[in-house]
Amino acid sequence: MTGDDPRVILATDCGSTTTKAILIERTQQGYRLRVRGEAPTTVEAPFEDVTRGVLNAIAEAEELSQRQLLDGENILRPARDGRGTDLYLSTSSAGGGLQMMVSGVVLTMTAESAERAALGAGAIVMDVIASNDRRLPHQKIKRIRQLRPDMILLSGGIDGGTTSHVVELAEIIAAANPRPRLGQKFRLPVIYAGNTDAREPIRERLADKTELHIVENLRPVLERENLQPARREIQNLFLEHVMAHAPGYARLIAWTDAEIMPTPAAVGALIQMVAEEQGMNVIGVDIGGATTDVFSVFGGTFNRTVSANLGMSYSISNVLAEAGRDNILRWVPADLEVGKIGNHIRNKMIRPTSIPQTLGDLVVEQAVAREALRLSFVQHKSLAVGLSGVQQARTISDVFEQTLTGETLVDMMALGLLVGSGGVLSHAPRRQQAALMLIDGFQPEGVTMLAVDSIFMMPQLGVLAAIHPQAATEVFRRDCLVPLGTCLAPVGRDRPGAACVRVELRGQSFEVRCGEMRVIELGPGETARARLEPSRRFDLGQGRGGALERELTGGVVGIIVDARGRPLALPTDEAQRTASLRRWWRALRAYPE
Amino acid sequence: MTERALLRRERRLPLAGTVHVGQGETVSAEQVVASTQLPGDVQALNVVQRLGLDPREIRDYMLKSEGDPVEADELLAESKGLFGLFKSAARSPARGTIESVSDVTGQVLIREPPQPVEITAYVGGTVVEVLPDEGVVVECTGALVQGILGVGGEAHGQLVVRVDAPGHPLLAASLDESCRGKVVLGGSHAELEALRRAVEVGVAAVVVGGIEDEVLEAFMGRSLGVAITGEEQLGLTLVLTEGFGPVPMTQRTFDILKARQGERASVNGATQIRAGVIRPEVIVVEEVRGAEFEVPATGLVVGHTVRLIRQPYFGQLAKVTALPEELREIETEAKVRVLEAELETGEKVTLPRANVELIQA
């Protein structure tokens, strides 16, 4: 590491399609983004060396900034005489990222905790195998054989509890003899994070066949999770085993001033930093071509899920398969000419770099995005759960029968900030469209700030946050986030046209009726004290009819009053639905008329 | 697509095995070049539960040990019962070999007999490299047509043409017994009826320009979600060369394949859209090695013929007339790099560069 207060920072993110390099400089106003360069990722044939794409992206950053950063294929360090950088960091999700299989005894307890551990470490979880998942042993063995995970996380049993179930899982894993994705020659890393009493029998069964690592139990007692040791081990092994065997990574690891983080882990780190700094609950979503990651911090607890098959290009066909045509078309006015959306969506999947050209095409694509966000969020809510309620388990058989896990931690009324990232959100032709996709997909309640990532630099800022939080925060606030404004969404329902909420702001009073949306101007950087009075059937956070005063933050869209009710239900009558959609679009100026 | 190219295909076993051919050997498409045994499925039986024992006692009651062969239903362990009566029995759920006996879980694992796996050469050609214990690389010269999406795995057959032009659909009426085992070249698309008829008469593979989304769904019996295909058992392999909808096959692709009717084609419908792209393909091997190889064009230039791959002009061809440098705003209000082109109808259009595919330099 070069210096505690770097003047220049260079950071790259090796995505599955593109590698992005950002250059940050310390200015009079603090740390600011200078430029961003991009180049195709070069992990696959014919290059098969990730550093090529990295150097190309840095070269573009060089050109755009007119600052020499490279000397041949070396990154110039330190920053001196207008050349070089003090710090170089990187993240990576190239080659499909880290793919894991997790295993636990009870699906809704240790298996679920193992899933949270893996997801929090930045992995894609290919399958969760549990003793009580209703599959027969030979089915589990076959499944493990079919998967080609980069590593396996095995957990199960509270410390001092029974060992037989977790040992049985180890026997199943040993019998399956899983082959790793990255080649026949190296042994699959298996992390054991279960009952300490079972460590010896686990060792006996797995130490010869796998690269076994033993860490603290991730669920030492039912009421408490201890995920950090498992998460740390996953990340260490990711670097050692997975990345070190991926083409060119050994060289990249040698170049960086800190450990390379898996991209989702870095974004998660940034979200956690933001939540802590702002003292609020935060949700972040990154909707990519192949996957959608959702991150949340509620009450200080961080969770991440990755919907591995929901996305806007490679996975767009699966969004249609999972959501269904009707759910997508409900966001499209019936009078808008869109043709056969099945064909359009599947053509986008097979030609992922094409872009919407007509307005109809754009509206359909953004309708698909709403469904991808909605479905990913449903998955997230079911995994981001508290551990309350488990005290009710008396015996192991009770535990086996228990289908109810804890309550979801996600409380939309308590959400302070919703941040969106990914092409369909960041590059929407009008910011109002991004705001509407976030609101329709997530249905925030009460008072919620909305923002989008301007150019997807959250991974780089996340890995920087671990080294220099100040630089990461400053760039995040000033250059990364585009504030869209604040959404005011009263919870409740009433007949269309009935009074919903009154907003008093800057000497003006705005009455918004049920079924309507309204934008009140308040620009980026502006704040205003507002009095919010929901009608007696609606709750904005102070109970039904409870008025409140809040400092509201503006943005490029403004204050968005969403009086459509929560939960949001679109009119079933097609003419009414079409008229409603057009009214809301007009209110937000979301699309050209 | 390439009219004549030097092609190499790697043929690899999923597990180490035996390679049956040598370097330099000439192989035919359906010839087995390597084989191995896939370990059998594992069945588990919790013996101690059956017999009401403590796991630590299991070996006292087991009649078989690790490595012993067993038949289905054969007695593995038996409790002592009461004065020799009321014995409980644990019988093997399958034929195989005892893999393990656990005194912690009380579980016995039985591994079923191995399953043989063979791989063929897939294309007729010469073995240019032997991958020890794993497979071979086969080289050939021939025409290669890469599709955009396929379903079904590898197929072989004589190439036959059942349409007059690339813009004509493949009709059920044009398929009969004479198509059995053949690779059928269609035109713009195939309706469900035609696909079902093709399966009925035993067609090996169908190659068409496009397909309606609902037709593919009905044919597959499910909605295509994740685009990783190749394992489907649908009765034939289907390769789309253009996309979804009734899109005419490009004239060039059609001509390349039509010129080779009567010859043997190797087809693979396997597709993977991400993380290691795999496209479906049709290969027609030439008997004689050719000397001319295509050099793929790079970059768009005025005069190029492109295909439009997005609404509202999906599937149409156009000639590039200008390549403006500056970003332009399109109907969606996005500012993007565009090109100006003239459609075959004479209509002049401005399109995002991202929405075209180069067809011909």
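Q: How many residues of domain 2 of chain B are in contact with domain 3 of chain B, and how many of domain 3 of chain B take part?
A: Welcome to this predicted model, where local features need pLDDT of at least 70, side-chain atom pairs count only at pLDDT 80 or more, and totals for chains, interfaces and linings use all residues. Residues are numbered from 1 along each chain as its sequence is written, while chains are lettered from A and ligands numbered from 1 in the order in which they are written. Two residues are in contact if their C-beta atoms, placed from the backbone, lie within 7 Å. By that rule, the contact joins six residues of domain 2 of chain B to five residues of domain 3 of chain B.

Q: Where do the domains of chain B lie, and how far apart are the C-alpha centres of domain 2 and domain 3 of chain B?
A: Domain bounds come from an automatic or database domain assignment. For chain B they are domain 1 (42–111), domain 2 (148–279) and domain 3 (305–360). Between the C-alpha centres of domain 2 of chain B and domain 3 of chain B, the distance is 28 Å.

Q: Which element gives the most to the side of chain A that touches chain B?
A: This contact takes 46 residues from chain A and 43 residues from chain B. Elements giving two or more residues to the chain A side include α4 (164–176), α11 (341–350) and α12 (359–383); helices (H or I, at least four residues) and strands (E, at least two) are DSSP runs, numbered from the N terminus. With seven residues, the one that gives the most is α11(A).

Q: How are α9(A) and α12(A) oriented to each other, and why?
A: Axes are lines fitted to C-alpha atoms, for helices over the stretch in contact, and angles run from 0 to 180 degrees between N-to-C directions. Here the two axes come within 10 Å and cross at roughly 70°. Angles under 35 degrees count as roughly parallel, over 145 as roughly antiparallel, 65 to 115 as roughly perpendicular and the rest as oblique. So α9(A) and α12(A) are roughly perpendicular.

Q: Which residues of α12(A) meet α9(A)?
A: From α9(A) come A:Ile316, A:Val319, A:Glu322 and A:Ala323. Their partners in α12(A) are A:Val368, A:Glu371, A:Ala372 and A:Leu375.

Q: Which residue is the bridge partner of A:Pro189 in β11(A)?
A: Strands β10 (residues 189–192) and β11 (residues 211–214) of chain A pair in the parallel sense over four bridges, where pairing needs at least two bridges found by DSSP. In β11(A), the partner of A:Pro189 is A:Glu211.
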